[in-house]
Amino acid sequence: MSVDPETGEIKVLNFTTAHDVGQIINPVGHQGQINGCIQQGLGYALMEELKLEDGRVTTLSFGDYKMPTMIDMPPLTTVLVASDDGMGPYRIKGIGEAPTAPVAPAIANAIADALGVRLRTLPVTSEKVYRALKDRA
């Protein structure tokens, strides 16, 4: 994680995840699900924001709603922790969307670790980091 204290710019330099897995039937699909979840989590953590005014959505198009693309993705490392307590005859476990949940808290914690300011609303934008740093000073 790199955070510029002058501008609040946030860069995720790399991302490592670990997953409790049973027997993996489709390794390519399994890894693809993990990668997609990490990308979704990065968007949730750093850029995706649905703006409201008086209870109405004002983010009316994807032109106003930033989502991560491949250029926003850091290098990903996946650690698979095998166990044989999965379901069925092959002892499988679903990967589903479980890898999405810890991404935003991990990024928020990394920012707090790096700068000593805790942001409690998502997305954690450069503007929010910049304001938090100025408020602390």
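Which residues are buried in α3? I found K128, V129, A132 and L133, where buried means under 20% relative accessible area, exposed over 50% and partly exposed in between (1.4 Å probe, protein chains only). Seen down the axis of α3, these buried residues fall within an arc of 130 degrees, so they line one face of the helix; the arc is that of the directions from the helix axis to the C-beta atoms. I reminded myself that an α-helix has 3.6 residues a turn, so residues three or four places apart point the same way. On the other side of α3, I noted R131 and D135 as exposed.

A note on sources: this is a predicted model, where local features need pLDDT of at least 70, side-chain atom pairs count only at pLDDT 80 or more, and totals for chains, interfaces and linings use all residues. Residues are numbered from 1 along each chain as its sequence is written, and side-chain values use heavy atoms, with hydrogens and water left out.

Next I checked what α3 packs against. Its buried residues pack against β1 (2-3), β2 (10-11) and α2, contact meaning heavy atoms within 4.5 Å. Helices (H or I, at least four residues) and strands (E, at least two) are DSSP runs, numbered from the N terminus.

Then I looked at the largest nonpolar core, which has 22 residues. Such a core is a set of buried Ala, Val, Leu, Ile, Met, Phe, Trp, Tyr and Cys residues joined through side-chain atoms within 4.5 Å. L42, L46, I107, I111 and V129 touch the most other members. The elements giving two or more residues to this core are α1 (27-46), α2 (103-115) and α3 (126-136). I followed L46 and, leaving aside neighbours within four places in sequence, found it in contact with I10, V12, I107, P123, V124 and T125.

Is H19 buried or exposed? H19 is buried, with a relative accessible area of 8%, and I placed it in strand β3 (residues 15-21). Its side chain joins that of T17 in a polar contact of 2.8 Å (a pair of N or O atoms within 3.5 Å; within protein, one must be able to donate a hydrogen and the other to accept it, and residues adjacent in sequence count only if both atoms are side-chain atoms).

Last, I visited D72, in the loop between β5 (56-57) and β6 (76-82). D72 is partly exposed, at 29% relative accessible area. Its side chain reaches the backbone nitrogen of T69 at 2.8 Å.
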